[in-house]
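Here are a few friendly notes to read alongside the model. Please keep the sequence and the 3D view open as you go.

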Amino acid sequence: MNENLFASFIAPTMMGLPIVTLIIMFPSLLFPTPKRLINNRTISIQQWLVQLTSKQMMAIHNQKGQTWSLMLMSLIMFIGSTNILGLLPHSFTPTTQLSMNLGMAIPLWSATVFTGFRHKTKTSLAHFLPQGTPAPLIPMLVIIETISLFIQPVALAVRLTANITAGHLLIHLIGGATLALLNISTMTAFITFTILILLTILEFAVALIQAYVFTLLVSLYLHDNT
């Protein structure tokens, strides 16, 4: 087993060339495209899940916000499939890279903010200064609200990175402990292996939940600006 705890987070290369782009594009190949009049069960379940998630996520939006539904569904499917594939042995998870998560969060957040300033200028500016604020506190509150606004994409990216990275590190550590305990105590190794199985199941759930949380927060930012 690799002794370097952070080796799985290093961007893989092939013949000296990075293959992160190919890894990012790979999950899109796993979703079948319907080509028949009557779909099979796999495509039917996929479409049902997409419709269910879309209906739940876009229920709070007006007509202008609902135009983002295709982008939001693509986002949640991409992050969810990438997170799950990253749990496979000897695989690389792009969402453990803060740079990639910032690359998703900043453009999406910027688009929602620009949409708000374009279509709801007065309401967007009103968020910087709550109604009834005493005059001496106005400069301080404007600065605080401005900082909180610019922290939003960073919080989006850091939340996703931290959750996925922490899960992978725990699996790595418990897996290494299980192998080390095999020669010391079989019963203890069996207990740690059971914990490893339960943690892996939990990480599958976390992979999907974090994809939903990331997309839901983008959806809420959009709702506040449309």
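1. A definition to begin with: a residue is called buried at under 20% relative accessible area, exposed at over 50% and partly exposed in between, with a 1.4 Å probe and protein chains only. The model is predicted, so to speak of local features pLDDT of at least 70 is needed, side-chain atom pairs count only at pLDDT 80 or more, and totals for chains, interfaces and linings use all residues. Residues are numbered from 1 along each chain as its sequence is written, and side-chain values use heavy atoms, with hydrogens and water left out.

2. Thr-112 counts as buried because its relative accessible area is 1%. Beyond residues up to four places away in sequence, Thr-112 touches Trp-68, Val-218, Tyr-221, Leu-222 and Asn-225, where contact means heavy atoms within 4.5 Å.

3. Now the rest of that helix. Helix 4 has 22 residues and spans 31 Å from first to last C-alpha, close to the expected 32 Å; the expected span is 1.5 Å times one less than the number of residues. Its buried residues include Met-104, Leu-108, Trp-109 and Thr-112. Among the elements covering the buried residues of helix 4 are helix 1 (20-25), helix 3, helix 6 and helix 7 (186-224).

4. Asn-225 is buried because its relative accessibility is 11%. Setting aside neighbours within four places in sequence, Asn-225 is in contact with Thr-112, Val-113, Thr-115, Gly-116, Lys-120 and Ser-124.

5. Is Asn-83 buried or exposed? Asn-83, in helix 3 (residues 69-85), is buried, because its relative accessible area is 1%. Apart from neighbours within four places in sequence, its contacts include Thr-93, Leu-160, Ile-164 and Gln-210.

6. Do look at helix 6 (residues 138-181), whose 44 residues reach 61 Å, close to the expected 64 Å. Helix 6 bends by about 35° at Gln-152, and Pro-153 follows within four residues. The bend is the angle between axes fitted to the seven residues ending at a residue and the seven starting there.

7. Leu-49 lies in helix 2 (residues 41-58) and is partly exposed because its relative accessibility is 41%. With Ile-45, Trp-48 and Leu-52, Leu-49 makes a nonpolar surface patch of about 420 Å².

How values were computed
Patches are made of residues with over 30% relative accessible area and no salt bridge: like charges are joined within 9 Å, nonpolar side chains (Val, Leu, Ile, Met, Phe, Trp, Tyr) within 5 Å. Accessible areas come from the Shrake-Rupley method with a 1.4 Å probe; for residues, only the protein chains shown count as cover. A salt bridge is a side-chain nitrogen of Lys or Arg within 4 Å of a carboxyl oxygen of Asp or Glu. Helices (H or I, at least four residues) and strands (E, at least two) are DSSP runs, numbered from the N terminus.
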